[in-house]
Amino acid sequence: MTNEIKNKIQPIIANFSVTRHILKRFNLRASKRLGQNFLIDKSVVDDIVNAAEIEADENILEIGPGIGTLTQGLLEVGANVTAVELDKKLPAVLAETLNGYENFKLIQGDILKVDINDIMNNQPFKVVANLPYYITSQIILTLLEKKLPITKLVTMVQREVAERMVATPENLAIAKESAKTYGALSVAVQFYTEPQIAFDVPPASFLPSPDVTSSVIVCNVRKSPAVAVNDEKFFFRVVRGAFGQRRKTLLNSLIGAGFNRETILTALKKANIEPTCRAEMLSLADFAAISNFLSQSDAD
Ligand code: SAM
């Protein structure tokens, strides 16, 4: 479905003058603490909505609607939008800027604390959001690890975070920088989803402008995780432990994470992985093998 506007109810918010007018009218200042950078570029809103491939009446969870900029784009294509906004000053603003859109529901609260299944009525949904940058990774990991019925995540994040989400150990041969970008976030995102950077967004598309370039990343959620693991919690304990001390060898990082030296050596031998290698050289399948053998030995 295209996001051509047919029955525009309110003026387009994604515009410098309109945004400035709304902030002034409500005597608001964008809060740095809450990661408020409002979109002022209508074409970026359209591109995000298109990337989400929204069907009419589809359920969307938006995190941080702000003054309703992206929300309006989603509502205009007929999505049912449930938005969670932490800032207590914004419900009054949204009541006005999105007045007339019936398919909008606002929850004032912290996305890390609300019962998401409950607010989404236990129905499948997509996540579409221009995320607050101070807790991007935490939000993405929370959404994925809660095993919610999410089919797709389309999120605006800092370019650097998007790169970490798609980084793989194979990149190591191409760019030394990947050694820094491939980490626990990459493994978690790729374990649950197939992520792809859709496009970059320059600082000038926001008010106020952030210091860095942003990217919109599309993560299609897999029907089942990318690799088979006996125990997901244990798998992530191993992954976090392995990346915990980047300069150390895998053996020492895992010892540092509380695993027994002999147990690790046995598991690594079974998985055919050198104890002296580093976490950033390991694929998801390697982590799965280590975790499965380690949990077996732990149980022995
Ligand atoms: N969606 C708007 C846009 O695109 O212009 C605003 C995006 S702004 C980058 C991030 C929004 O997330 C802000 O409105 C901020 O108040 C909100 N926010 C910050 N922390 C939050 C949290 N823990 N839960 C829900 N919303 C949060």
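I took helices (H or I, at least four residues) and strands (E, at least two) as DSSP runs, numbered from the N terminus. On that basis I placed glutamate 62 in strand β2.

Entry 1: conventions. I noted that this is a predicted model, in which local features need pLDDT of at least 70 and side-chain atom pairs count only at pLDDT 80 or more, while totals for chains, interfaces and linings use all residues. Residues are numbered from 1 along each chain as its sequence is written, and side-chain values use heavy atoms, with hydrogens and water left out.

Entry 2: salt bridges. I counted a salt bridge where a side-chain nitrogen of Lys or Arg lies within 4 Å of a carboxyl oxygen of Asp or Glu. The count came to nine salt bridges.

Entry 3: lysine 152 and glutamate 53. I found a salt bridge between these two side chains, at 3.1 Å from N to O. Lysine 152 belongs to strand β6 (residues 150-158) and glutamate 53 to the loop between α2 (42-51) and β2 (59-63), so the pair ties together parts that are 99 residues apart in sequence. For accessibility I used three classes: buried is under 20% relative accessible area, exposed is over 50%, and partly exposed is in between (1.4 Å probe, protein chains only). Lysine 152, at 7% relative accessibility, counts as buried.

Entry 4: aspartate 200 and arginine 159. Their side chains form a salt bridge of 2.6 Å, N to O. I located aspartate 200 in strand β7 (residues 193-201) and arginine 159 in helix α7 (residues 159-166), so that distant parts of the chain, 41 residues apart, are linked. Aspartate 200 is partly exposed at 40% relative accessibility, and arginine 159 is partly exposed at 25%.

Entry 5: helix α7. I next looked up glutamate 160 and arginine 164, whose side chains meet in a salt bridge at 3.1 Å, N to O. Both lie in helix α7, four residues apart, about one turn of the helix. Glutamate 160 is partly exposed at 39%, as is arginine 164 at 24%. I also noted that salt bridges with shared partners join Arg159, Glu163 and Asp200 into one network.

Entry 6: glutamate 62 again. What does the side chain of glutamate 62 make a polar contact with? I counted a polar contact as a pair of N or O atoms within 3.5 Å; within protein, one must be able to donate a hydrogen and the other to accept it, and residues adjacent in sequence count only if both atoms are side-chain atoms. The partner is the side chain of threonine 71, at 2.6 Å.
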